[in-house]
Amino acid sequence: MSDPSLAILDVGHGNCAVLIDDRVVVVDAGPGTTLLDFLESEGIKEIEAVLISHADEDHIKGLVSLFESKTVVVRLVRINSDAMKNSPTWNDLTYLLDEANKAGAVRFEVGLTTNQTGDFDTAAVRIEILAPTPGLAAKGPGSHDHKGRRLTSNSMSAVVRLLRNGKPKVLLPGDIDEIGLENLLDAGGDIAAEIAVFPHHGGGVASGNLSSFATSFCRASKAEKLVFSIGRGRYDTPRPEIIAAVLSEIPKVRILCTQLSEHCASQLPTTDPPHLTSKVSRGKELRRCCAGTISLSLAEKEATVFPILTAHAEFIEGAAPSALCMKVGKPSEK
Amino acid sequence: MGLNVLGESISRVKIIDDDPTARKAMAFTVTDADLQPLPDDGPLPQLKTFVSLAKKNVDAVICDHRLKGQYARFNGAEAAAELYKAACPSVLCTRWSVADIDAIRQYIRYIPSLISSDDVSPDTIASGLARCVREFKNDPVQSRKAWRTLVRVESVESSLKPPLFYVAISGWDSKEIIRLPLSLVPSNLRRRIKPGVRFFARINKGAEQPEALFFVDFEFPTTRK
């Protein structure tokens with residue numbers, strides 16, 4: 001039997017991951033049509049569950065597209081309520097989900113908390129929901145935690161961890177900020193994982209103290225590989241202070257950005273990079289990819305990463321003269 | 001000399017522009033793209049004849065949008081659209097894509113390669129022609145694939161000539177309002193375009209710029225707004 005796989009899609013600025021095992025589970029849907037394009041190219045016609053970390057546009061727009069298109073069957077959608085959001089996208093998504101739920105086309109359920117751990121497991125992958133707790137989810141964005149700190153949509157991000165035979169493989173933390181992370185860790189949560197997606201695309205956090213947040217996250221996740229799901233030219237990500245703190249905390253960490261940050265290369269490559277995989281990537285058409293869409297084979301021992309790390313390192317050394325991830329040793333030497 | 005795009009060979013490229021200086025400049029760029037430029041000094045025949053001659057005599061066409069005076073009795077967008085329907089690759093170049101968008105919009109479905117005059121280069125010409133060939137082979141680039149999409153009508157200006165309406169497409173960009181000519185909607189559905197109404201259309205919402213969006217297959221829900 002083949003190993004389950006996880007694709008961390010290059011959706012530009014946003015998050016979307018697709019777990020493919022005996023069933024397909026999607027965590028966040030990104031913006032735009034990349035998820036739709038990916039599902040079509042992989043021949044996926046049915047999704048067991050879509051789990052949405054929070055209601056920000058760069059995590060839900062792809063779900064709007066999915067329901068609009070009617071090209072894929074979705075069995076279940078789970079999302080936390082967010083009374084603070086009044087965006088047109090959020091309104092359209094709830095409209096579409098309500099309509100689909102009414103027609104019996106999907107089970108639309110509100111609430112994605114630690115109580116849902118195990119509810120979406122596939123044959124080989126355990127799916128844990130590490131945050132928020134039901135209590136925090138009940139209070140919701142706009143309320144305050146037990147320390148009196150104001151909770152934002154990001155603080156309330158659902159944090160998902162994938163395990164294979166009890167071994168933590170991948171952490172998908174949405175946009176969790178320092179308040180959300182502290183609440184998670186204070187409650188005894190364990191976010192250790194072989195591979196982690198860095199929260200909020202390596203962008204700003206509520207307190208503005210990027211370095212201390214990055215240090216706390218790295219210390220707790222102990223990740224060997226960190227993915228930054230970024231859109232070139234959007235929001236100045238990943239922030240150099242974050243990468244510096246990451247490399248200071250875990251010098252041997254391997255960093256993979258989905259797109260080529262302007263911090264790393266002021267110019268885009270003039271030829272198509274040959275090493276990128278054939279997987280659908282948002283940045284491919286305009287040559288904005290760095291790693292592009294990242295596919296992980298979730299083997300029991302160690303996850304295999306595509307594009308292969310050596311080819312990705314060679315691309316960085318050739319195309320990204322000021323690569324942030326090269327500040328402490330070349331990627332190819334890690 | 002020439003390009004090979006997905007097995008299709010392109011070398012002879014007709015250049016359509018009513019400005020002789022612009023034709024000459026474009027010919028240099030086409031040459032730099034390793035293609036053979038064939039500037040057309042006009043006047044051009046009727047559109048149907050023009051397309052059938054182009055299909056017969058050249059491999060591709062590069063066309064300016066605004067064609068004035070006696071040079072042509074059609075504009076570049078009309079020409080590019082008809083060339084597309086005849087499976088002849090073309091690139092439409094214009095400084096007027098924003099200013100003329102209401103007139104161009106109805107043709108965008110058939111114009112894979114609309115580039116600003118400022119962006120014309122051997123690379124953009126080659127990639128523009130490649131986009132056409134990919135569509136002819138039913139393999140459009142991500143930004144040209146059409147998906148069923150929810151559209152919300154924000155306002156209607158039916159007294160204008162031409163009548164216009166404004167829509168929001170949150171599946172594309174929730175902050176941008178798009179202006180569309182009412183003539184884009186099939187005549188039997190136009191009366192249903194009212195502020196607050198939601199409908200579906202197939203839209204290439206992978207496109208980055210609002211000028212690149214096309215709308216086809218309009219569909220109105222029957223249950224509620």
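Student: How are α1(A) and α2(A) oriented to each other: roughly parallel, roughly perpendicular or oblique?
Tutor: In this predicted model, helix α1 (residues 34-42) and helix α2 (residues 57-69) of chain A pack with their axes 8 Å apart, at an angle of about 55 degrees. Angles under 35 degrees count as roughly parallel and those of 65 to 115 as roughly perpendicular. The two helices α1(A) and α2(A) are therefore oblique.

Student: Which residues of α2(A) make the contact with α1(A), and how many residues in this contact are charged?
Tutor: From α1(A) the contact takes A:Leu35, A:Leu36 and A:Leu39. From α2(A) it takes A:Gly62, A:Ser65, A:Leu66 and A:Ser69. By class there are 4 nonpolar and 3 polar residues, and the number of charged residues is none.

Student: What is the handedness of the crossing of α2(B) and α3(B), left or right?
Tutor: In chain B, helix α2 (residues 47-57) packs on helix α3 (residues 76-85) with the axes 10 Å apart and an angle of about 50 degrees. The pair α2(B) and α3(B) is therefore oblique. The crossing of α2(B) past α3(B) is right-handed.

Student: Which residues of α2(B) and α3(B) make the contact, and how many of them are charged?
Tutor: On the side of α2(B) are B:Leu47, B:Phe50, B:Val51 and B:Ala54. On the side of α3(B) are B:Glu78, B:Ala79, B:Glu82 and B:Leu83. The contact has 6 nonpolar residues and no polar ones, and the charged residues number 2.

Student: Is B:Val58 buried or exposed?
Tutor: B:Val58 sits in the loop between α2 and β5 (60-64) of chain B. Beyond residues up to four places away in sequence, B:Val58 touches B:Arg12, B:Lys14, B:Leu38 and B:Leu53. The relative accessibility of B:Val58 is 7%. Buried means under 20%, so B:Val58 counts as buried.

Student: Which element gives the largest share of the largest nonpolar core?
Tutor: The largest nonpolar core has 42 residues, and A:Phe198, A:Leu226, A:Phe228, A:Val246 and A:Ile255 have the most contacts inside it. Elements of chain A that give two or more residues to this core include β7 (125-131), α5 (178-186), β11 (225-228) and α8 (309-319). The largest share is 6 residues, and it comes from α6(A).

Student: How many residues are in the other core, the one with B:Trp147?
Tutor: This core lies apart from the largest one. Among its residues are A:Ile52, A:Val74, A:Tyr95 and B:Trp147. The number of residues in it is 38.

Student: Which residues is A:Ile255 in contact with, leaving aside its neighbours within four places in sequence?
Tutor: A:Ile255 is one of the residues with the most contacts inside the largest nonpolar core. Among its partners are A:Leu226, A:Phe228 and A:Val246, which are also on that list of residues with the most contacts.

Student: Where is the cis peptide bond with omega near -5 degrees?
Tutor: Most peptide bonds are trans. A:Pro132 is placed in the loop between β7 and α4 (134-139) of chain A. The cis bond with omega near -5 degrees runs from A:Ala131 to A:Pro132.

Student: What is omega for the cis bond that joins A:Thr237 and A:Pro238?
Tutor: A:Pro238 belongs to the loop between β11 and α7 of chain A. The peptide bond joining A:Thr237 to A:Pro238 is cis, and its omega is about -10 degrees.

Student: Is A:Lys222, with its positive phi, buried or exposed?
Tutor: Most residues other than glycine have a negative phi. A:Lys222 is not a glycine, yet its phi is positive, at about 50 degrees. A:Lys222 is in the loop between α6 and β11 of chain A. Its relative accessible area is 58%, so A:Lys222 is exposed.

Student: What is the relative accessibility of A:Arg287?
Tutor: A:Arg287 also has a positive phi without being a glycine, at about 55 degrees. The loop that holds A:Arg287 is between β12 and β13 (294-297) of chain A. A:Arg287 counts as partly exposed, and its relative accessibility is 21%.

Technical notes
Residues are numbered from 1 along each chain as its sequence is written. Chains are lettered from A and ligands numbered from 1 in the order in which they are written. This is a predicted model: local features need pLDDT of at least 70, side-chain atom pairs count only at pLDDT 80 or more; totals for chains, interfaces and linings use all residues. Side-chain values use heavy atoms; hydrogens and water are left out. Axes are lines fitted to C-alpha atoms, for helices over the stretch in contact, and angles run from 0 to 180 degrees between N-to-C directions. Helices (H or I, at least four residues) and strands (E, at least two) are DSSP runs, numbered from the N terminus. Angles under 35 degrees count as roughly parallel, over 145 as roughly antiparallel, 65 to 115 as roughly perpendicular and the rest as oblique. A crossing is left-handed if the near helix is turned anticlockwise from the far one by less than a right angle, and right-handed if clockwise. Contact means heavy atoms within 4.5 Å. Ala, Val, Leu, Ile, Met, Phe, Trp, Tyr, Cys and Pro count as nonpolar, Asp, Glu, Lys and Arg as charged, and the others, Gly among them, as polar. A nonpolar core is a set of buried Ala, Val, Leu, Ile, Met, Phe, Trp, Tyr and Cys residues joined through side-chain atoms within 4.5 Å. Buried means under 20% relative accessible area, exposed over 50%, partly exposed in between (1.4 Å probe, protein chains only).
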